[in-house]
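Please consult the sequence and the model together while reading.

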Amino acid sequence: NYSTSLGTMLLWLSWYGFVCGSTHGISGKLGDVIARIAVNTTLSASVSALTTVVIGLYYEKRLDASNANNGILAGLVGITAGCATITFWSSLFVGIVSAFVYFSFSKALIKLKLDDVVDAVPIHFFCGSWGVLATGLFSKREYVQEAFPHLDQGEVPCGVFYTCNGLGSKLLAANLIYMVALVAWVSFFSCLIIIPMWFFGLIREDKITSTDLEYAEEAAGIVDEMMLESEDEDEMPPLSSGVQGGEDEGIELDVIYQNEAVNLSNSFDFEAGSDTGSDALRTESTTTSNRIKSGSTSPDNKERMASNNQRQSTSPDNKERAAIKGTTAASSDSDVEE
């Protein structure tokens with residue numbers, strides 16, 4: 001989250017150069033336009049981040065930095081279209097709605113099982129569409145005149161919520177037509193590229209039926225168990241027997257690796273003709289088991305293991321974890337025998 005948050009802050013800072021620099025000048029009224037753009041951008045991004053965090057806290061019951069980061073980006077994207085032509089109060093409303101738009105469509109994609117790891121579609125497409133729509137609703141005629149001085153006095157449009165000689169509806173209609181045309185253009189050329197690639201088998205497909213989320217949760221469980229073990233020893237556990245702390249601790253960690261390798265191999269349902277990964281995991285666990293047996297025959301190892309087990313069994317937390325680990329090991333051994 002640290003690197004993600006730092007990247008978000010850098011992107012936010014760069015956004016000012018993007019939107020303020022779009023005026024292509026600073027003389028005359030353009031100085032006021034740049035100031036308005038900067039304030040609107042700040043307000044929308046800030047309130048969108050706060051709103052997204054509150055929504056995430058309500059629905060997910062936790063504070064998540066990624067919600068704040070994506071909320072900032074949602075507010076920035078939502079305000080970009082109308083940052084020069086709407087009021088400060090309108091920018092706050094745009095930011096709040098952008099947070100709801102992002103969060104709603106992000107969860108909708110997960111519900112529909114559509115993969116979008118970085119939430120690019122909810123942020124850039126849906127929040128961007130909302131920003132274009134908001135420009136046709138909240139643009140103030142005086143601000144439009146300042147941002148686009150080349151327009152004739154009778155041609156300056158405004159948002160639907162303002163009065164400008166009937167041009168408000170025309171601005172909203174023009175923005176809607178622009179959105180439809182943009183979606184049609186992108187969809188056409190995307191299909192023109194993707195469909196031939198799919199037809200000729202040039203698009204990589206994942207043959208594993210289990211989802212990436214299940215794999216990530218399984219891997220996170222292994223890391224959590226290893227961290228608990230390291231906290232008990234007040235040091236990082238060794239990666240192999242005889243390294244950093246004695247052969248007995250290395251042997252215990254090998255037992256954990258063996259059990260977890262078998263659990264991973266049994267938890268994934270590989271498609272027909274793709275059980276190579278499962279066989280490899282079981283082979284690795286068998287090799288680890290043989291290495292443990294050969295290393296535990298030494299009298300010194302037996303004595304150190306007995307002393308270490310007796311010391312760890314005195315802790316109530318270790319007793320509970322040992323009981324859970326014993327159940328997991330028993331089920332894993334039965335799976336290997338089968």
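## Helix α4 and its surroundings

Helices are DSSP runs of H or I with at least four residues, numbered from the N terminus. The model is a predicted one. Lys 113 follows α4 and has a positive phi, near 60 degrees.

Helix α4 covers residues 88–111, 24 residues in total. Its first and last C-alpha atoms are 35 Å apart, close to the 34 Å expected at 1.5 Å a residue. Its buried residues include Val 94, Val 97, Tyr 102, Phe 103 and Leu 109. Among the elements that cover the buried residues of α4 are α2 (30–60), α3 (65–80) and α5 (120–138).

## The chain as a whole

The chain contains 12 helices and 0 strands. Of its 338 residues, 36% are buried. Among contacts with a separation of 6 or more, 64% join residues 24 or more positions apart. The accessible surface is about 20,500 Å², and carbon and sulfur atoms contribute 64% of that surface.

## Salt bridges

The chain has 4 salt bridges. In one of them, Glu 146 pairs with Arg 36, with the closest N and O atoms 2.5 Å apart. Glu 146 belongs to helix α6 (residues 141–147) and Arg 36 to helix α2, 110 residues apart. Arg 36 is buried, at 7% relative accessible area.

A network of salt bridges links Glu 60, Arg 62, Asp 64 and Lys 107. Because Lys 107 lies in helix α4 and Glu 60 in helix α2, the pair ties together parts 47 residues apart in sequence. Asp 64 and Arg 62 form a salt bridge at 3.0 Å, N to O. Asp 64 counts as buried at 16% relative accessibility, whereas Arg 62 is partly exposed at 41%.

How values were computed: Residues are numbered from 1 along each chain as its sequence is written. This is a predicted model: local features need pLDDT of at least 70, side-chain atom pairs count only at pLDDT 80 or more; totals for chains, interfaces and linings use all residues. Side-chain values use heavy atoms; hydrogens and water are left out. Helices (H or I, at least four residues) and strands (E, at least two) are DSSP runs, numbered from the N terminus. The expected span of a helix is 1.5 Å times one less than its number of residues. Buried means under 20% relative accessible area, exposed over 50%, partly exposed in between (1.4 Å probe, protein chains only). Contact means heavy atoms within 4.5 Å. Accessible areas come from the Shrake-Rupley method with a 1.4 Å probe; for residues, only the protein chains shown count as cover. A salt bridge is a side-chain nitrogen of Lys or Arg within 4 Å of a carboxyl oxygen of Asp or Glu.
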